[in-house]
Amino acid sequence: MTQQTRYICIHGHFYQPPRENPWLDSIEIQDSAAPFHDWNERINAECYGPNSLARLLTPKSTIRKIINNFQHISFNFGPTLLTWMERNDPQTYQRIQEADRISVQEREGHGNAIAQAYNHMIMPLASEHDRETQIIWGMEDFRHRFGRDPEGMWLPETAVHTPTLALMAEHGLKYTLLSPTQAKRFRDKEGQWIDTKKTGIDPSRPYHVDLPNGQSIALFFYDGPISHAIAFGGILNNGEFFMGRMREAFSEKRTWAQLVHIANDGESFGHHHRYGEMALAYAIEKIEERNIATITNYGQYLARHPPEAEVEIHEKSAWSCAHGVERWQADCGCNTGGKPEWNQRWRAPLREALDDLKEKADAAFETEAAQWLSDPWEARNHYVQVILGNTPDARRLFVSEHVKEGVNGDEALRRCLPWLELQRYAMYMYTSCGWFFDEISGIEPVQNLCYAARVLQLADELGHDWEEGFLTLLAKAPSNLPEFENGRDVYDKQVSPVIVSFDRVAAHYAILFTMAENDETPEINGYEVSILNTERLDDGSNTLGVGRIDILSHRTAEKRTAAFAALYFGGRDVTADVSFTLSPNEYRRLKSELTNSFLENSLRETLAVIDHAFPGQHYGLPSLFVEARRQALDRLIRSALRDMRGALKKCYDTYRPLMMLINKSQAPLPPAYLAMTQAVLDSDSLKALDDFLTDGDIQPLEQTLNEAKRWDAKINQVPLEKKIERHLLALFETIVEPPQADRIQSFMSTLQSIEGLGLHIPLHELQNRFHIRSGRLELHNLPKMDGHSTRDKIKTAWLALARHLHFDPDMVEKEIR
């Protein structure tokens with residue numbers, strides 16, 4: 001069996017559910033992902049980024065090569081995840097795009113990337129309209145990012161039935177991937193049907209499904225045992241084992257060009273299994289070096305070897321549920337296994353509540369949007385263009401293409417965008433992760449309920465009050481936790497507090513404006529705020545903020561004018577009031593009255609004026625959106641901590657002689673003394689690090705760290721490491737543009753000084769930048785100076801830095817031009 005008849009394809013399904021706050025269009029801080037901001041950021045740092053720059057090591061554990069795994073594997077990314085990555089890690093995003101471009105060139109026009117149904121709905125449980133929109137949005141997002149038509153599409157949880165396959169074929173998709181357990185029976189050309197219960201399905205070749213619409217689509221059934229071993233069997237602990245398992249899957253008995261292929265959650269390669277991306281990189285390298293097989297992707301293999309065998313599938317089946325697709329609508333017994341005493345009886349009522357809401361939303365959309373749109377469902381299918389290019393021009397172009405003849409375009413835009421946003425979130429609320437795990441109060445079901453809350457809010461603004469009916473059905477979903485009685489209780493406690501209204505946006509702006517330490521203008525994700533008039537007054541203790549602003553929703557294009565007044569009681573609390581009914585003249589009179597009373601040092605009268613002008617709800621720090629609330633609280637806490645640290649420092653200095661006596665007596669410090677010491681040295685170490693990074697004086701930092709060792713005080717390393725990493729990355733950029741030997745040597749000295757103190761240096765991103773820069777380093781044109789080549793000096797310094805960053809200098813030297 002030759003390499004030309006043996007193929008290997010490794011597929012990674014890289015996906016995270018949409019996590020964005022549906023009002024702010026951004027992810028708010030998720031404490032469970034600490035020390036990262038949120039789970040996307042954490043998994044990106046552990047998996048997506050490392051796979052785009054995967055290390056291969058020498059026997060001495062130095063880096064001998066870095067490769068982009070995405071250039072060698074088949075992959076799909078969730079569109080909503082790539083939207084996040086494009087904004088938050090454009091370098092990794094671009095490396096993924098570049099990997100697909102290179103694979104198109106290397107694999108006969110067939111790229112490694114395939115599309116995904118847009119927001120991971122379980123397709124057999126979705127309506128026909130939703131299935132079609134999910135396919136169209138997934139394909140359009142793919143074209144937008146990869147600049148070509150997708151050949152294949154990943155189905156969420158590989159959940160499938162024949163109508164889904166038929167829709168995929170109608171839209172020009174050629175193949176999808178399924179679990180071997182989803183094959184029901186198969187036959188060769190003109191052969192007899194063979195039940196897979198007897199023989200299983202051979203995954204080493206493709207199959208075709210003949211569809212009721214007269215079309216067909218190819219199916220690849222991945223190798224189940226190897227895929228399972230990757231996810232749960234530990235073979236990513238060793239790249240040689242991984243490569244060996246794939247090599248062993250070939251058989252001399254087969255008469256066709258064999259394809260050994262696996263499919264896994266891409267997060268297995270680095271997030272679920274640390275250094276899994278390195279095992280993958282090693283396996284890729286050895287497969288090619290040893291001529292074990294041709295590494296391919298599904299499009300290339302399919303073009304070379306079209307399917308000859310036919311297959312029928314188990315309808316409404318999936319790779320992660322042994323009961324079809326019941327995991328997403330019933331207490332079928334499938335769960336993560338973490339809490340065996342829990343049940344999932346909440347799943348069916350959750351789907352019932354969402355289905356009822358969706359049916360109402362679809363019926364109203366079809367009827368009411370038809371007043372302005374020539375075909376509401378066709379318009380929704382193309383609304384992805386507005387999501388991808390969320391600009392006024394994109395919105396106007398969209399409306400011009402779908403508005404009914406004779407209808408005013410601006411009016412249609414104002415009327416239809418809320419309906420289309422409602423439809424967008426009515427699909428998001430079905431994201432599969434909402435049912436996958438074990439408890440309705442978990443982060444994933446709550447996220448789906450946030451999307452449902454946005455649907456309810458938009459519906460209410462459009463004249464439909466569906467909330468009580470939804471919550472009544474949701475109350476039938478029992479929680480496993482005593483603090484949550486049922487789904488309605490979860491909604492009230494975890495969803496209602498995050499709902500955003502124009503009132504809250506205005507209050508948020510008012511509070512941040514009034515608390516600002518300089519003239520910065522607060523920004524609010526999802527909204528554009530235009531200042532009509534603002535003023536901020538400070539009496540030394542308190543601050544008054546007053547203003548009139550326009551607020552524009554980026555997504556619905558709705559615009560409101562708000563007046564506000566806020567008082568910040570310096571270092572203690574803040575209160576704000578807003579109104580959308582004050583006329584310009586009423587605002588001017590109010591502003592005059594407020595400023596006069598405030599400047600006359602009459603805080604009581606100022607509060608009385610505010611109470612009279614703004615009857616109703618008052619807003620405070622809890623009204624701020626999570627991110628800004630944390631920042632505002634941090635500011636208040638910092639102010640308090642400055643006073644506390646001063647007091648603690650005095651105590652520390654006072655009691656240090658006694659602590660020395662205790663230490664000499666070889667007795668442990670009392671817990672209160674140790675806590676005080678740790679707090680003082682935490683603060684001192686950060687200041688000493690700042691001094692070192694600013695002026696190079698290392699002695700204060702050395703003394704502080706030695707003091708911590710004396711008392712066995714555990715200094716908080718996280719802020720130190722973050723500060724060190726930021727400084728080194730910024731400093732690195734100064735030594736390479738242009739490269740200078742003395743700067744490189746000075747940079748290395750800084751590294752050595754920090755390491756000499758026993759501080760950990762986060763090197764991963766620094767190594768990435770060093771590797772990328774090495775490939776661009778051009779020294780051949782540099783002049784000679786003092787009889788020595790400037791090139792030689794820089795090269796020597798660069799290779800010394802390579803050793804310090806744990807690179808194999810021979811590899812680096814080959815990269816330098």
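A surface patch here is a group of residues with over 30% relative accessible area and no salt bridge, in which like charges are joined within 9 Å and nonpolar side chains (Val, Leu, Ile, Met, Phe, Trp, Tyr) within 5 Å. Accessible areas come from the Shrake-Rupley method with a 1.4 Å probe, and for residues only the protein chains shown count as cover; a salt bridge is a side-chain nitrogen of Lys or Arg within 4 Å of a carboxyl oxygen of Asp or Glu. The model is predicted, so local features need pLDDT of at least 70 and side-chain atom pairs count only at pLDDT 80 or more, while totals for chains, interfaces and linings use all residues. Residues are numbered from 1 along each chain as its sequence is written, and side-chain values use heavy atoms, with hydrogens and water left out.

One nonpolar patch on the surface consists of Tyr655, Leu658 and Leu661, which together have about 280 Å² of accessible area. Leu661 belongs to helix α23 (residues 626–664); helices (H or I, at least four residues) and strands (E, at least two) are DSSP runs numbered from the N terminus. With a relative accessible area of 51%, Leu661 is exposed, where exposed means over 50%, buried under 20% and partly exposed in between.

Turning to the sheet, five strands form an open arrangement in the order β15-β16-β17-β18-β19, with antiparallel pairing. Two strands pair if DSSP finds at least two bridges between them. The edges are β15 (527–538) and β19 (619–620), each pairing on one side only. Strands β17 (residues 559–569) and β18 (residues 573–579) are joined by seven bridges in the antiparallel sense, and Leu567 sits opposite Thr575 in β18.

Methods
Buried means under 20% relative accessible area, exposed over 50%, partly exposed in between (1.4 Å probe, protein chains only).
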